[in-house]
Structure formats: structure tokens, C-alpha cells
Amino acid sequence: MKKLRGRMGKTLASIALSALVLGSGVMGAPAPTKAAEAPTKITLLGTSDIHGRFMPWDYALDGPNQSGSLTQLFTMIKEIRKENPNTVLVDAGDSIQDNSAELFNDQPQSPMMVAMNEMGYDAWAFGNHEFNFGLDTLDKISSQYKGPVLAGNIYKENGERYFPAYTIVERAGVKIGLIGMNTPMITDFEKGTDHLDGLVIKNPVEETKKAVKELQGKVDVMIGVMHMGIENENGIPGTGVADIANAVPELTAIFAGHMHKLVKKEEINGVLITEPDKYGTHLSRIDLTFEKKNGKVVLASKEATALPVKGADGTPAVSDPELETKLTPFHEFARADANIVVAELKGMNLVPKNEIEGIPQVQIQETPLSDFFHEVMLYYSKADVVAHQIDNDKAKLDVGPIKKKDIAYNYQYAGGEITVYKVTGKDLKDYMEWAVGYFNTSRPGDVTVSFDSKRRASKYSTNDFFGNVKYEIDLSKPYGSRITNLRKLDGTLIKAEDTLKLGMNAYRMEALQAKGGALEGRKFEQLWSSKDNTAFGETAGTIRNRAIAYLKEVKKGVYEPKVQNNWKIIGVDTTAPERNDVVELINAGILSVPKTEDGKYTNIASINVKDAITKEEIAALSEKAKVDVAKFANVKTKGEFYKQLNQARKAAAAATPKP
């Protein structure tokens with residue numbers, strides 16, 4: 001059994017006295033009177049789901065990434081501490097996994113712990129990914145952190161808490177109880193491993209109630225620091241902080257996390273909730289104002305928001321130079337590892353160039369990259385069918401050296417593994433139908449493939465590809481009946497009653513089996529997992545590490561892909577004569593691929609050439625193309641307009657004298 005440890009973290013509470021505004025009675029008053037005390041303002045700052053972003057650098061890509069990091073957040077935190085010395089800083093988990101943070105598991109120090117100590121965090125609540133490497137590794141890394149660790153719903157088998165449920169910090173005489181909880185979904189995430197051996201995961205709603213009772217009379221206010229999103233995960237009660245807020249109104253506010261969503265401010269049952277998205281891109285902020293009434297500290301007001309690392313003009317926060325200096329040795333170590341060459345790619349690039357700007361080719365067609373990962377999965381798992389997803393729209397691997405960073409960049413789920421289940425042909429088909437629900441149903445006149453807006457904006461990529469089978473995806477058909485001509489590579493049709501070995505990610509299977517999932521309530525025999533101790537183990541068993549081993553050991557350092565053409569999308573008119581004009585207008589920056597309101601996710605609707613065109617659209621696009629709007633007075637459809645607009649802009653360009 002792994003060693004269990006529970007330690008009470010040393011509370012880092014710097015105490016400041018609030019200013020007293022005193023007045024004196026004059027104008028003949030009989031005696032001086034004391035003015036009311038000024039309100040006390042406490043600022044609480046929260047981070048979550050940093051996932052190894054200790055510096056503004058993407059180690060998978062080995063390039064700068066200034067969208068978020070601890071060093072940039074520290075600059076913001078320092079400014080807020082200047083503004084209000086009565087500031088508390090907390091983290092809601094998922095710190096030590098991803099962006100090469102795992103490299104330091106067997107090193108003397110973790111850069112995440114060095115940074116968090118320097119930044120002066122007052123509490124760290126564990127997230128699910130803290131448990132990815134087993135309890136011994138977690139014990140080693142968390143022991144480097146100088147503040148209190150919180151994990152209120154995680155117990156040892158003897159009934160003791162693994163770590164405390166709460167800590168108390170004091171600012172300006174105000175006592176603040178910080179209550180930490182982790183998602184109970186970790187039992188599913190770590191299924192098949194020994195990572196939770198000796199631990200009991202309990203309901204965070206009930207454990208929050210218990211912590212509140214223990215804190216009553218000891219603090220002036222209680223704040224949740226919880227590695228859970230607002231809504232229940234996979235429809236399972238008690239896995240979202242909304243359930244906690246509804247059950248425990250004694251909480252003033254909750255710092256949420258886990259779901260990688262930006263929630264500036266939401267209020268549920270009087271409890272304020274904020275979540276700072278992911279990867280250090282935002283800093284959650286809660287401001288509490290207290291007054292003294294009848295000798296007691298009373299909360300007068302509360303406010304919440306989330307502050308972006310990148311300003312409205314796109315300028316990122318400056319990376320704190322002193323903290324960067326301390327972290328430079330870790331930075332250099334991670335970069336050196338990322339650049340280790342594992343193989344040579346010959347013959348062809350693994351991802352074709354995007355035909356249309358804003359529509360990732362890797363998501364709409366079979367690519368040698370997806371075939372490569374299937375090849376790896378099939379080799380080690382001996383499954384009949386395998387499934388995975390590419391969660392990087394900018395996936396790229398060109399002919400030349402293949403480095404470790406290239407594998408991580410193109411398969412970004414650091415913990416992804418291969419687990420084999422015994423399923424039927426019907427189970428496989430139902431799963432595939434769910435997967436292709438990632439796409440919108442096409443209409444007559446659609447000339448581009450587009451994505452369902454909700455699936456596109458999900459925390460998890462759900463556009464799964466299937467290897468070792470042949471099939472077509474007919475987007476002219478409704479959801480649930482798009483997979484056609486499903487067969488084995490030899491052409492044999494796969495029947496509903498066939499028995500198959502399906503290799504895939506275990507977390508995806510859990511989601512499919514959960515309430516509302518495509519395979520809800522179905523049970524499958526698990527035959528094998530690459531992370532089993534009898535297979536390759538937790539670290540070596542990831543798809544990333546299997547891919548590297550495959551290139552080095554099986555392919556002997558040389559990989560030459562072959563085009564397989566096992567599947568394709570049909571039901572979209574890619575031969576329409578106006579389509580070329582659409583492509584050229586988009587790539588010229590005149591016509592835009594539809595995006596979500598916040599601009600984060602592209603291609604949520606198809607371009608249709610049969611739809612009617614409005615005068616407003618004609619005017620706007622004509623202005624963009626710098627052509628006379630009068631040319632299009634009699635145009636009726638979008639396709640007709642796009643064709644004429646493209647011709648007009650080309651003619652105008654040809655007529656312009658070249659310098």
C-alpha cells in the first residue's frame with residue numbers, strides 16, 4: 001500500500017490592522033465622540049487548472065505562449081497586493097500535470113511548488129490530476145509546498161482525513177475559513193490504477209457541510225476552494241459546486257475549477273461563484289467588505305470577477321522577472337527534453353495544410369497523423385478497433401526529425417491511455433454515431449463542413465476517429481444515423497451482434513456510460529489497459545509514451561506513413577461551382593467562417609450558397625473587398641454574390657498598377 005500522509009499546512013497569514021477614522025466633537029460638545037470604524041476590505045484571489053504553466057512557454061511546442069502562466073499572474077497579484085495588503089491567494093488544483101510538469105516528478109524540486117511558494121499561496125486544494133502519478137509522487141511533490149494543502153472529501157481507510165478540509169487565515173482582524181474539496185470523479189479517472197489505494201473518496205456536498213459545522217464560531221466568513229465546475233459532471237449528482245451552493249448557503253463564495261470554463265461571476269442560492277478558465281489565462285477575484293456591528297465583524301457586501309492575463313488590446317501581463325530567474329533552470333531542463341529526437345519522418349507530412357482558413361483539416365478528414373496514433377494503439381493493444389481524438393486544431397508534423405515535443409503537441413491529452421473493452425457491433429456503432437454528432441447536419445447548398453457549437457466549445461475534444469475499420473459519415477442524415485457502410489478492412493460488414501475488442505481512453509468510456517451518454521447504463525468487460533502494472537504502467541502506458549516507444553523500438557527511428565483512406569465525410573456539396581469562390585474569399589480575409597460569440601471557437605455553421613443574401617451583407621462584404629456595391633444590385637443568393645464579388649475583386653486587383 002502506498003504511504004499515506006496527512007499534514008496540517010502552516011498557515012501563511014500576514015495580519016494588517018484596518019485604519020480607524022477618528023473624529024472629535026467640537027462646537028461646544030460636552031465630550032469628544034469616536035467616529036465609526038471604516039469598512040474593512042478583504043480581497044481573495046484564486047487560480048485553478050494551471051496545468052504546469054509555470055512560465056509563459058509551451059514546452060510541447062517549445063515556443064513562447066503568453067496567454068497565461070504563474071509568472072504573469074504573479075505580476076498581477078503583486079499589483080493587487082499593493083492596492084490592498086489584505087489579500088488572500090488560493091489555488092483550486094490541477095497544478096502539477098501537463099506542459100512537461102511531469103518531468104520533475106523524479107527530480108529534487110517541482111517548478112510548480114517553487115513558484116507557488118514564492119508567490120505566497122495561502123492554500124492549495126488538490127485537483128484530480130494531482131493523483132495521476134500515485135500517492136508516493138504526490139507526497140513528494142506536495143511536501144515541497146510550504147502552505148496548507150486541502151482535500152476535505154478524501155479520507156484514509158482508518159477514517160482520518162488525508163489532508164485537512166480547511167484552514168483559517170486572518171486579514172485585518174477578519175478570520176476567513178478556506179474549505180477545499182476535490183471532484184469525486186477521481187475514482188472514475190483513476191480506475192484501474194493503484195493511485196487511490198488506501199483512500200476513500202467521499203461526497204463533497206456532505207463533507208462541506210461537515211467542514212462548515214467545524215468552522216462555525218471560529219471564523220467570520222467561509223470560502224470554498226473547490227476543484228469542481230458549476231454543473232454536475234456527466235449528470236452525476238454532487239459533482240458540481242451548484243449542488244454545494246444549494247446545500248450549504250453558509251458559504252459566502254466559491255472558487256471553482258476543473259471544467260476549464262471562464263465564469264466571472266455567478267450567484268447560486270446567495271453563494272458567489274467564480275472560475276478562472278484554464279492554463280493561467282485568468283485570475284479570479286472576490287472582494288469582501290466588512291463592517292463592525294455591536295462588536296462583531298459583519299459582511300456588508302461581496303463582489304466577484306475574473307481578470308484576464310491578456311488585456312482588451314491583446315497585450316499580455318508582464319512575466320515577473322525575479323520569479324522567472326528562479327524558474328530558469330526548470331525551463332531549460334524542460335526545453336532540452338522536448339527537443340530530444342526520437343525518429344525521422346519520411347515521405348509526406350502527417351497533416352495537410354488547411355484548405356480553408358478557420359476550418360482545421362485535421363478535424364474534417366482522415367489524416368496520416370490520426371492513422372499514426374491508431375497504428376500505435378493497435379500495435380500495443382491488439383484490439384479490433386481503436387478510437388482517439390486530436391485535441392489540437394493546429395496539429396502539424398512535417399517531414400524531418402520527430403522530436404518528443406512533436407508527439408506531445410499533436411496528442412495533447414497527457415494522461416491519455418489505451419484501455420480495451422469487450423463490446424458489440426451495436427455498441428461500436430452507437431459510440432461512432434455519438435462521435436460524429438460533433439458535426440452539424442448539412443443543408444442543400446452547404447459547401448463547407450461545420451461543427452456543432454456546443455460540442456465545439458466543450459472542455460474536451462469529442463470528435464473521435466476510429467481506426468482499423470472503414471466507414472462514411474453522411475452529414476445529410478440526421479444525428480444518430482450518419483455512420484454508413486461500417487465494415488472491417490477486408491470489406492466484411494460489422495453486424496450489431498458481432499463481438500469486438502475496442503481500444504480507447506477510459507475516461508471517454510466513463511462519459512459514454514454515464515447518464516445521458518451514448519452508452520448509458522451499459523456494462524463492458526475491461527480486457528486490458530496500457531497503464532496496468534502488468535502492461536506498461538502509469539507513465540510509460542500513456543499514448544504519448546507508447547508513440548515514442550513505437551517510433552524508437554518498433555520503427556527503428558524511421559517512420560514512413562501510408563495513405564489509408566479508411567473513412568470520409570459525405571453529404572456536403574464540395575463540387576458546387578461557387579465553392580472555389582467561397583474558399584478564395586475566406587482565405588483572402590473577406591468572408592469569415594462563423595465563430596462563437598467570444599471568438600474562441602471557429603466554424604460553428606456551414607457556408608451555404610443557396611441562402612438569400614441581404615443588402616447589409618452585400619454592403620459589408622463589398623466594402624471589405626473594396627469593390628463598388630452597385631455591381632450587385634440584382635443578386636439574390638449568397639452563391640451568386642460570392643461568385644460575382646470574387647470576380648470583381650480579382651478584376652480590380654488586376655487593374656491596379658503595380659509599383
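1. Aromatic pairs. This predicted model holds 30 aromatic pairs. Rings of Phe, Tyr and Trp (its six-membered ring) pair if their centres lie within 6.5 Å; planes under 30 degrees apart count as stacked, over 60 as edge-to-face and the rest as tilted. Phe-373 and Tyr-411 form a tilted pair, because their ring centres are 5.5 Å apart and their planes stand at 50°. Phe-373 belongs to helix H9 (residues 368-381), while Tyr-411 is in the loop between helix H10 (404-410) and strand S20 (419-424), so the pair ties together parts that are 38 residues apart in sequence. Helices (H or I, at least four residues) and strands (E, at least two) are DSSP runs, numbered from the N terminus.

2. Burial of this pair. Buried means under 20% relative accessible area, exposed over 50%, and partly exposed in between (1.4 Å probe, protein chains only). Phe-373 is buried, at 0%, and Tyr-411 is buried as well, at 1%.

3. A further tilted pair. Phe-439 and Phe-451 lie 5.9 Å apart, centre to centre, with 45° between the planes. Both are in the loop between helix H11 (425-435) and helix H12 (453-456), 12 residues apart. Phe-439 is buried at 2% relative accessible area, and Phe-451 is buried at 0%.

4. A ring cluster. Ring pairs join several residues into a cluster, among them Phe-373, Tyr-411, Trp-528 and Tyr-559.

5. Charges over rings. The charged end of Arg-53 sits over the ring of Tyr-279, 3.7 Å from its centre. Lys-202 lies over the face of Tyr-155, at 4.0 Å from the ring centre. The criterion is that NZ of Lys or CZ of Arg is within 6 Å of the ring centre and within 35 degrees of the ring normal.

6. An open sheet. Six strands form an open sheet with mixed pairing, in the order S8-S9-S11-S12-S14-S13. Strand S8 (166-171) and strand S13 (262-268) stand at the edges with a single partner strand each, so one side of each has no neighbour in the sheet. Two strands pair if DSSP finds at least two bridges between them. Strand S12 (residues 253-255) and strand S14 (residues 271-276) pair in the parallel sense over three bridges, and Ala-253 stands opposite Leu-272 in S14.

7. Basis of the values. Residues are numbered from 1 along each chain as its sequence is written, and side-chain values use heavy atoms, with hydrogens and water left out. In this predicted model, local features need pLDDT of at least 70 and side-chain atom pairs count only at pLDDT 80 or more, whereas totals for chains, interfaces and linings use all residues.
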